[in-house]
Amino acid sequence: MATPPTPGNFPEISRAESLIEYPSRFPIKVMGHKVDGLVHAITLIAKEFDPTFDASTIELRESKGGNYLGVTITITATSREQLDELYRTLSTHPMVKVVL
């Protein structure tokens, strides 16, 4: 009988089980309050994890009320570890509210 996953006890996903083939283009949507510097901060983080990131490919979508901004970046994903760390870095940035 397999042990169910618990925090800190997640089964390793083999390369064959991954739904993503590396390298691949991978879109990430980041949302935060519409403030000066949000897009720049996200761009710097994207370039940290993907030196080939092209900021001209960023897509922006303002919320209906104009208080929030959705920023879609598309990076070249090279590994699960890279994506995990990128999500973690974006999620903990003080200007970011949600990362999808």
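Partly exposed lies between buried, under 20% relative accessible area, and exposed, over 50% (1.4 Å probe, protein chains only).

This is a predicted model, in which local features need pLDDT of at least 70 and side-chain atom pairs count only at pLDDT 80 or more, while totals for chains, interfaces and linings use all residues. Residues are numbered from 1 along each chain as its sequence is written, and side-chain values use heavy atoms, with hydrogens and water left out.

What does the side chain of E62 meet in a salt bridge? The partner is K34, at 2.7 Å from N to O. A salt bridge here is a side-chain nitrogen of Lys or Arg within 4 Å of a carboxyl oxygen of Asp or Glu. The pair ties together distant parts of the chain, with K34 in the loop between β1 and α1 and E62 in strand β2, 28 residues apart. K34 is also partly exposed, at 42% relative accessibility.

Now the sheet. It is open, with four strands in the order β2-β3-β1-β4 and antiparallel pairing. Strands (E, at least two residues) and helices (H or I, at least four) are DSSP runs numbered from the N terminus, and two strands pair if DSSP finds at least two bridges between them. The edges are β2 (59-62) and β4 (96-99), each pairing on one side only. From one strand to the next, the twist averages 25°. Between β2 and β3 (residues 68-77), which run antiparallel, there are four bridges.

Next, the helices. Helix α1 (residues 38-49) lies across β1 (24-33), β2, β3 and β4, and runs at about 15° to β3. Helix α2 (residues 80-91) packs on the sheet and touches β1, β3 and β4, its direction making about 160° with that of β3. Contact means heavy atoms within 4.5 Å. Axes are lines fitted to C-alpha atoms, for helices over the stretch in contact, with angles from 0 to 180 degrees between N-to-C directions.

How many salt bridges does a search of the whole structure find? It finds three. Besides the K34 and E62 pair, R80 forms one with D84, their closest N and O atoms being 3.3 Å apart. R80 and D84 are separated by about one helical turn because they are four residues apart in helix α2. R80 has a relative accessible area of 42% and D84 one of 32%, and so each is partly exposed. The side chains of R88 and E85 also meet in a salt bridge, 3.1 Å from N to O. Those two are three residues apart in helix α2, and therefore about one helical turn apart.

Last, the loop between α1 and β2. D50 is located there. D50 is buried yet has no salt bridge, and R25, the nearest side chain of opposite charge, is 4.3 Å away. For charge, Lys and Arg count as positive and Asp and Glu as negative; His and the chain ends are not counted. Beyond its neighbours within four places in sequence, D50 is in contact with R25, I75, T76 and Q82. The side chains of D50 and T52 are joined by a polar contact of 2.5 Å. A polar contact is a pair of N or O atoms within 3.5 Å; within protein, one must be able to donate a hydrogen and the other to accept it, and residues adjacent in sequence count only if both atoms are side-chain atoms. D54 is in that loop between α1 and β2 too, and a polar contact of 2.8 Å joins its side chain to that of S56.
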